[in-house]
Amino acid sequence: MKRLTYLTCSLVVASMVAAMVGWSMAAGNFLVPVIAIPLGVIVVLACRAHVDIVIADEREKRIRSKAALRTLEVVIIGGAIAAVILYSFVTSIPLTPIITGKIFLNADGTQSMTIAEYKSGSVPGPETLVRSTTIQDLNAMNETEAVAYCTYVREGFSGNENRGLAGMTIACGLFAMLAIFGAFYLYYERTY
Amino acid sequence: MKNRIRVLRAEREMTQEELAELVGVTRNTIISMEKNKYCPSLKLAYRIAHIFSVGIDDVFTYEEEIDGPSGDDE
């Protein structure tokens, strides 16, 4: 078997396994991946055994090892910077949106409140206003207004919270990657 | 690390593909070694010397200026 045939075969098997796993997840059948994934691995390994030329020699392994190490270094450094920047949105006051609430006394004696959201790090004003809503009668707030009041502040901060969550996810991913790298490093240090 | 693989191969009228097959590496590795871009492992170096029926010193020459004191090819 030629190298190209092997690569084509691997690609076809991987596509079929991915399609089957995707379908089974959508259909709620969890038995298919358990059978399909090991079967796919066996087929690819069987194809690999029948390749008549050398696929990976010591030079190829050294190139892969260096490329993997460089990738790890770049991802760790870049990821750490990205994680810190993203998480800073949660803790930084200048980066959070400015939300104000003003209570007005109406002519009929009732009180109304206007909640306004302004761009982060700006001076509150008409040109920096993102959105605003008014609750007509604070003492007779209906359910819709109450929900709007509750969700308004939460939605205002949700962008920053999402960035913080992404930052935490990246940080956890990097930590896991470093832990796996450390485990393999210790293993190979004992082996060689 | 300099080597005489190309010369030794030419003397025996051997192609890069044939040598690669005999020592169990890809043709690209032979090409890289002949261009002095890749420094082979000791095992591969001995295998190449064995194929040509010569000593390892007859194939490879260590040069301090090129390889550096640590021999690291970084």
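This is a predicted model: local features need pLDDT of at least 70, side-chain atom pairs count only at pLDDT 80 or more; totals for chains, interfaces and linings use all residues.
**Figure 1. The pairing of β1(A) with β2(A).** Strand β1 of chain A spans residues 98-105 and strand β2 spans residues 111-118; the two pair in the antiparallel sense over eight bridges. Ile98(A) has Tyr118(A) as its bridge partner in β2(A). Leu105(A) stands opposite Gln111(A), again in β2(A). The hairpin of β1(A) and β2(A) has five residues between the strands. In this hairpin, Gly109(A) takes a positive phi near 90 degrees. Strand β1(A) is hardly covered, as the count of buried residues among its eight residues is zero.

**Figure 2. The sheet of chain A as a whole.** Three strands of chain A form an open sheet in the order β1-β2-β3, and the pairing is antiparallel. β1 and β3 of chain A are the edge strands, each pairing on one side only. On average, neighbouring strands of this sheet are turned by 15 degrees against each other, direction ignored. Among the elements of chain A, β3(A) has the lowest mean pLDDT, at 85.

**Figure 3. The loop around Gly121(A).** Gly121(A) lies in the loop between β2 and β3 of chain A. Which residues does Gly121(A) touch, not counting residues up to four places away in sequence? They are Pro94(A) and Leu95(A). Ile93(A) is 28 residues from Gly121(A) in sequence, and the C-alpha atoms of the two are 8.3 Å apart in space. Is Gly121(A) buried, exposed or partly exposed? Gly121(A) counts as partly exposed because it has 13 C-beta neighbours inside 10 Å, while a buried residue needs 20 or more and an exposed one has 12 or fewer.

**Figure 4. Helix α3 of chain A.** Helix α3(A) runs over residues 58-91, a stretch of 34 residues. α3(A) is hardly covered, with a count of three buried residues among its 34 residues. These buried residues are Arg59(A), Ala83(A) and Leu86(A). Among the elements of chain A, α3(A) has the highest mean pLDDT, at 92.

**Figure 5. Chain A in overview.** The secondary structure of chain A comes to four helices and three strands. Read along the sequence, these elements follow the pattern α-α-α-β-β-β-α. Chain A has 192 residues, of which 6% count as buried. Of the contacts in chain A with a separation of 6 or more, 54% are between residues 24 or more positions apart. The pLDDT of chain A averages 87, and 98% of the residues score at least 70.

**Figure 6. Two loop residues of chain B with positive phi.** Asn36(B) lies in the loop between α3 (27-34) and α4 (42-51) of chain B. Although Asn36(B) is not a glycine, it has a positive phi of about 60 degrees. With 13 C-beta neighbours inside 10 Å, Asn36(B) counts as partly exposed. Ser53(B) is found in the loop between α4 and α5 (56-59) of chain B. Ser53(B) is not a glycine either, and its phi is positive, at about 55 degrees. Ser53(B) has 9 C-beta neighbours inside 10 Å and therefore counts as exposed. For chain B the average pLDDT is 88, and 86% of the residues score at least 70.

**Figure 7. The contact between chain A and chain B.** How many residues does each chain bring to the contact? Chain B gives eight residues and chain A gives five residues. By class, the side of chain B that touches chain A has three nonpolar and five polar residues, and no charged residues. For the complex, the predictor gives an ipTM of 0.81 and a pTM of 0.66.

Technical notes: Residues are numbered from 1 along each chain as its sequence is written. Chains are lettered from A and ligands numbered from 1 in the order in which they are written. Two residues are in contact if their C-beta atoms, placed from the backbone, lie within 7 Å. Ala, Val, Leu, Ile, Met, Phe, Trp, Tyr, Cys and Pro count as nonpolar, Asp, Glu, Lys and Arg as charged, and the others, Gly among them, as polar. Two strands pair if DSSP finds at least two bridges between them. The expected span of a helix is 1.5 Å times one less than its number of residues. Axes are lines fitted to C-alpha atoms, for helices over the stretch in contact, and angles run from 0 to 180 degrees between N-to-C directions. pLDDT is the predictor's confidence in each residue, from 0 to 100.
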